[in-house]
Amino acid sequence: MSIPSLTIGHLQARLPIVQGGMGVGISMSGLASAVAKAGGIGVIAAVGLGFGMPELQADPVRTNLLALQEQIRLAKQKAAGGIIGVNVMVALREFDEAVRTSIASGADIIFSGAGLPMDLPALVEGSKALIAPIISSAKAAAVICKGWNKRFNRVPDAIVLEGPLAGGHLGFTVEELSNSDEGTLKRLLVEVLEAIAPYTEKQAIPVIAGGGVWSGVDIFNLFKSGAHGVQMATRFVTTHECDASDGFKQAYLDAQQADDLMIIRSPLGLPGRAIRNNFLARVSQGETIPNYCNYICLKTCKPSEAPYCIANVLINAREGRFEEGFAFAGANAWRCDRIISVQELMDRLQAEYEAAAREEEG
Ligand SMILES: Cc1cc2nc3c(=O)[nH]c(=O)nc-3n(C[C@H](O)[C@H](O)[C@H](O)COP(=O)(O)O)c2cc1C
């Protein structure tokens, strides 16, 4: 049995694999276009793309938006007709402008989490861009479907369910994270499918499950539980095409065991999963990095209370400067042991899926 394609509205991806958006500067046009070209959905993370540009200090909002525009243009050009999405976090101060810029630049689909994107349909009205919220509970899925249906007579074109093993910011409390296991994503998936069932009469709502998805066998098993696609991020970091520096990718290769990953509390106000390092140890002992912030990139950040500037720290990490930086990563990052091409990874996932399907058929 061949791996199914993924249909979202008018879009059809040959492989049901969405590359999760990774800020700051980890999934840009290089990675997103490679994934799209290989048959998946490539996603640029909109957050903070203006890093390294001289205009950033004077006009951070405009500089980030111009950089976003340019990354989408490059990705579409290199993807050769493949599907390019943009991940825009609700917590981003320039959320509305980033969504509008993405659409005007030709993004096919907007993925939006780190908050509930209750007003997203209004921002895309009149365009053919599709919208997919990222949620971590059946309750959030139901709230969005109900709210969008009532206010905009619209339901999500797809829903991304991000489980507790994901990297980056997580939609769970620290307690929920410590009580979760390998089976949590599947349980949540069943709950989400049930919660959105009444809305699927209006339109199909494919559910894309992510967080700890490692192999084609994992994809096969999630499909058996009702998923229509998967979102994967960690595995794409250790690819040649990933836009991070070699130093960032090396941090993934250096992680050797599950305990090399840890849960942190980020200035965004959510827990996050990252690779343990000296910088995080110093922060947990109370060290702070005073910073002057003329631009609050996240709506919920309070620079006077934050121990460090999350944007600076993530940009440092992106460049491989870990003395004042840390790498976000999914729970399986320690399993990454070499750098491969996106095409090789996609081929392997497809082959593993199809082998699992054949075995099941007997
Ligand atoms: C380095 C890194 C950065 C991330 N940045 C973002 C982001 O900017 N916005 C977002 O919604 N999710 C972000 N995520 C979450 C991913 O998009 C994805 O949903 C999740 O990591 C999937 O789990 P996996 O990494 O185990 O495959 C990030 C994840 C990683 C590893």
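Q: Where is valine 24 found, and what kind of peptide bond joins glycine 23 and valine 24?
A: Valine 24 is in the loop between S3 and helix H1 (29-37). Those names come from DSSP runs, numbered from the N terminus: helices are H or I runs of at least four residues, and strands are E runs of at least two. The bond that joins glycine 23 to valine 24 is a cis peptide bond, with omega at about -5°.

Q: What should I know about how this was worked out?
A: The model is predicted, and local features need pLDDT of at least 70, side-chain atom pairs count only at pLDDT 80 or more, while totals for chains, interfaces and linings use all residues. Residues are numbered from 1 along each chain as its sequence is written, and side-chain values use heavy atoms, with hydrogens and water left out.

Q: Why is leucine 49 called buried?
A: Its relative accessibility is 4%, so leucine 49 counts as buried. The rule goes like this: under 20% relative accessible area is buried, over 50% is exposed, and in between is partly exposed (1.4 Å probe, protein chains only). You'll find leucine 49 in the loop between strand S4 (41-45) and helix H2 (60-79).

Q: Which residues is leucine 49 in contact with, leaving aside its neighbours within four places in sequence?
A: They are Met28, Ile44, Asn64, Ala67, Leu68 and Gln71. Contact here means heavy atoms within 4.5 Å.

Q: What makes alanine 80 exposed?
A: Its relative accessibility is 65%, so alanine 80 gets the exposed label. Alanine 80 sits in the loop between H2 and strand S5 (83-87). It also has a positive phi of about 50°, although it is not a glycine.

Q: How do you know whether asparagine 153 is buried or exposed?
A: Asparagine 153 has a relative accessible area of 55%, so it is exposed. Its loop runs between helix H5 (138-152) and strand S8 (159-162). Asparagine 153 has a positive phi of about 50° too, and it is not a glycine either.

Q: What does the side chain of threonine 184 reach, and why is threonine 184 called buried?
A: Threonine 184 has 11% relative accessibility, so it counts as buried. Its side chain reaches the backbone nitrogen of aspartate 181 at 2.8 Å. A polar contact is a pair of N or O atoms within 3.5 Å; within protein, one must be able to donate a hydrogen and the other to accept it, and residues adjacent in sequence count only if both atoms are side-chain atoms.

Q: How many residues surround the ligand, and how do they split by class?
A: There are 23, and the closest are Gly21, Glu162, Gly212, Gln231 and Thr234. To be near, a residue needs a heavy atom within 4 Å. By class, the shell has 11 nonpolar, 11 polar and 1 charged residues. Nonpolar covers Ala, Val, Leu, Ile, Met, Phe, Trp, Tyr, Cys and Pro; charged covers Asp, Glu, Lys and Arg; the others, Gly among them, are polar.

Q: How do you know that strand S3 (residues 17-19) and S11 pair?
A: They share 3 bridges, in the parallel sense. Pairing takes at least two bridges found by DSSP, so S3 and S11 qualify. Isoleucine 17 stands opposite valine 230 in S11.
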